[in-house]
Amino acid sequence: MSPDMKKTAQKFVIANWKMHGNFEQNQALLNAYVSKLNGLKDTQVVVCVPYPYLAQAQSLLQGTDIAWGAQNLAKNENGPFTGEVSAQMLRDFGCEYVILGHSERATAYCESDENIAQKFMVAKQHGITPILCVGETLIEREAGVMELKVGKQLDTIIDLYGADVFNDAIVSYEPIWAIGTGLAASPEQAKAMHKFIFDKLTQANGAQKNSVKILYGGSVNPQNALQLFAVENIDGGLIGKCSLSAQEFEGICQAAESSVG
Ligand code: PGA
């Protein structure tokens, strides 16, 4: 896939390794990704690794069809922010994508929607594609306020920067109750929320079809991937646990590939 084709890939499958792996395991996993997944026609594969392994991902993936990214970035350009990593530093390692607002981070490190919105804009300004995670808790779903919650997460960005910033960005719908639980959203539940997100961003953008991609994340596996990826407005998946197995991840990427056309 040439760089231009990446932008027009119909499906995205993005690995979120979270805080897993070590140098040796990563090498085996990245080499397996390349041997199994290089040359997919309609699917862009991306792997988001922990910061220290960006150089390793760059050296093993450069020149392949697989892109790499990070799992967070600082909202500041530089300065006295101990432990933070800036967008420019990510660019130095060829990083093209960054996961933002994942619920595991937002909860553990008290990240507000405003904070995440600022990071989203910084990523865009540096030519890094933001992968914005949105989603509701089980309590919010049971109370029927899931669209309110997701709507607010999107509105925070729209109100600050306008809906245009979602062009060429990625939004991942991640019901918090589905992450790491083995209990994925049903195709009906996902369909309803993806339609809500799509309609909201399209309307906010003056009814012009937004070039945003909307992924689903939360217990995607090789068995349920095809059914989920066939749903209208689901443009692929953000994959946690199953991305740590080359075989399972391949099954999910092949499902994305066969869901096209
Ligand atoms: P999971 O994680 O695939 O392990 O449920 C998804 C995510 O956190 O993005």
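Mentor: S219, for example, is buried at a relative accessible area of 17%, and its place is the loop between β7 and α10 (225-229). The model is a predicted one, in which local features need pLDDT of at least 70 and side-chain atom pairs count only at pLDDT 80 or more, while totals for chains, interfaces and linings use all residues. Residues are numbered from 1 along each chain as its sequence is written, and side-chain values use heavy atoms, with hydrogens and water left out.

Helices (H or I, at least four residues) and strands (E, at least two) are DSSP runs numbered from the N terminus, and two strands pair if DSSP finds at least two bridges between them. Eight strands, with parallel pairing, close into a barrel in the order β1-β2-β3-β4-β5-β6-β7-β8, and on average neighbouring strands of this sheet are turned by 25° against each other, direction ignored. Where β1 meets strand β8 (residues 236-239), the two pair in the parallel sense over four bridges, and V13 has G237 in β8 as its bridge partner.

Returning to the strand pair, V13 and G237 are bridge partners. Helix α3 (residues 54-61) packs on the sheet and touches β2 (43-48) and β3, its direction making about 175° with that of β3. Helix α9 (residues 187-204) also packs on the sheet, where it touches β5 (129-134), β6 (170-173) and β7 (213-217), and its direction makes about 155° with that of β7.

Helix α3 brings us to α2, for these two helices pack at an angle of about 30° with their axes 10 Å apart. On the side of α2 the residues in the contact are F23, N26, Q27, L30, N31 and V34, and they meet Q56, A57, L60 and L61 of α3. Six of the residues in this contact are nonpolar, four are polar and none is charged, where Ala, Val, Leu, Ile, Met, Phe, Trp, Tyr, Cys and Pro count as nonpolar, Asp, Glu, Lys and Arg as charged, and the others, Gly among them, as polar. N22 lies in the loop between β1 and α2 and counts as partly exposed at 31% relative accessibility. The C-alpha atoms of N22 and Y53 are separated by 8.4 Å, although the two residues are 31 apart along the chain.

Rings of Phe, Tyr and Trp (its six-membered ring) pair if their centres lie within 6.5 Å, and planes under 30 degrees apart count as stacked, over 60 as edge-to-face and the rest as tilted. Five aromatic pairs are found in a search of the whole structure. One of them joins W17 and Y33 edge-to-face, with 6.2 Å from centre to centre and 70° between the planes. W17 sits in the loop between β1 (11-16) and α2 (23-37) while Y33 belongs to helix α2, so this pair ties together parts that are 16 residues apart in sequence. W17 counts as buried at 1% relative accessibility, and Y33 counts as buried at 0%. Y33 also forms a stacked pair with F249, at 4.7 Å centre to centre and 25° between the planes. Because Y33 lies in helix α2 and F249 in helix α11 (residues 246-259), this second pair ties together parts 216 residues apart in sequence. F249 is itself buried, its relative accessible area being 0%, and W17, Y33 and F249 form one aromatic cluster.

Terms used. Buried means under 20% relative accessible area, exposed over 50%, partly exposed in between (1.4 Å probe, protein chains only). Axes are lines fitted to C-alpha atoms, for helices over the stretch in contact, and angles run from 0 to 180 degrees between N-to-C directions. Contact means heavy atoms within 4.5 Å.
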